[in-house]
Amino acid sequence: RFPGSTWGIVGHTVPVERGNLIAQMYVQQGYIARRFGKTALIPYGEVTYSRDSKHLEWENKTLEGVGVKYVRPLGEMYVDVGTGMMHETRFISHQSGMGLKVFMDVSYSWTGVFGRWFR
């Protein structure tokens, strides 16, 4: 009823920015508002937080957003199609802005893989 996702990464993840330690965290939380067979309509909110050790403008920011998406399982894959309003705030220049995003995500259900590995 409350699908969500999260991820985080800390490390030297961009080879061109040698020596730049980057930390990023993301969380998205939704609510299944309506089902249409296997397809679900999900309003959601999301936040991405990013910082780095070299204080580069594009790495130091927050992105917040709200939107709605349709989610449909296809075997062990999921397809999300949706739209949302995003707000970005950059910490160095204190610039901010809003914009519309339209997206399609395709993800794989790792449950099947882990189920085979841990039997």
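Here is a short chat about the strands and a surface patch in this predicted model.

Biologist: Hi! Which residues form the nonpolar patch on the surface?
Modeller: Leu 74, Met 77, Val 81, Met 104, Val 106 and Tyr 108 form it, and together they have about 550 Å² of accessible area.

Biologist: Nice. Which elements give two or more residues to that patch?
Modeller: Those are strand E6, residues 77-90, and strand E7, residues 96-108. E7 gives the largest share, with 3 residues.

Biologist: And where does Leu 74 lie?
Modeller: Leu 74 is in strand E5, which covers residues 61-74.

Biologist: Why does Leu 74 count as partly exposed?
Modeller: Because its relative accessible area is 46%, and partly exposed covers the range between under 20% for buried and over 50% for exposed.

Biologist: Switching topic: how many bridges join E4 to E5?
Modeller: There are 11, and the two strands run antiparallel.

Biologist: What stands opposite Tyr 49 of E4 in the pairing with E2?
Modeller: That would be Met 25. Strand E2 (residues 22-30) and strand E4 (residues 39-52) are antiparallel and joined by 9 bridges.

Biologist: Last one: which residue takes a positive phi in the hairpin of E3 and E4?
Modeller: Gly 37, with phi near 70 degrees; that hairpin has 2 residues between the strands.

Notes: Residues are numbered from 1 along each chain as its sequence is written. This is a predicted model: local features need pLDDT of at least 70, side-chain atom pairs count only at pLDDT 80 or more; totals for chains, interfaces and linings use all residues. Side-chain values use heavy atoms; hydrogens and water are left out. Patches are made of residues with over 30% relative accessible area and no salt bridge: like charges are joined within 9 Å, nonpolar side chains (Val, Leu, Ile, Met, Phe, Trp, Tyr) within 5 Å. Accessible areas come from the Shrake-Rupley method with a 1.4 Å probe; for residues, only the protein chains shown count as cover. A salt bridge is a side-chain nitrogen of Lys or Arg within 4 Å of a carboxyl oxygen of Asp or Glu. Helices (H or I, at least four residues) and strands (E, at least two) are DSSP runs, numbered from the N terminus. Buried means under 20% relative accessible area, exposed over 50%, partly exposed in between (1.4 Å probe, protein chains only). Two strands pair if DSSP finds at least two bridges between them.
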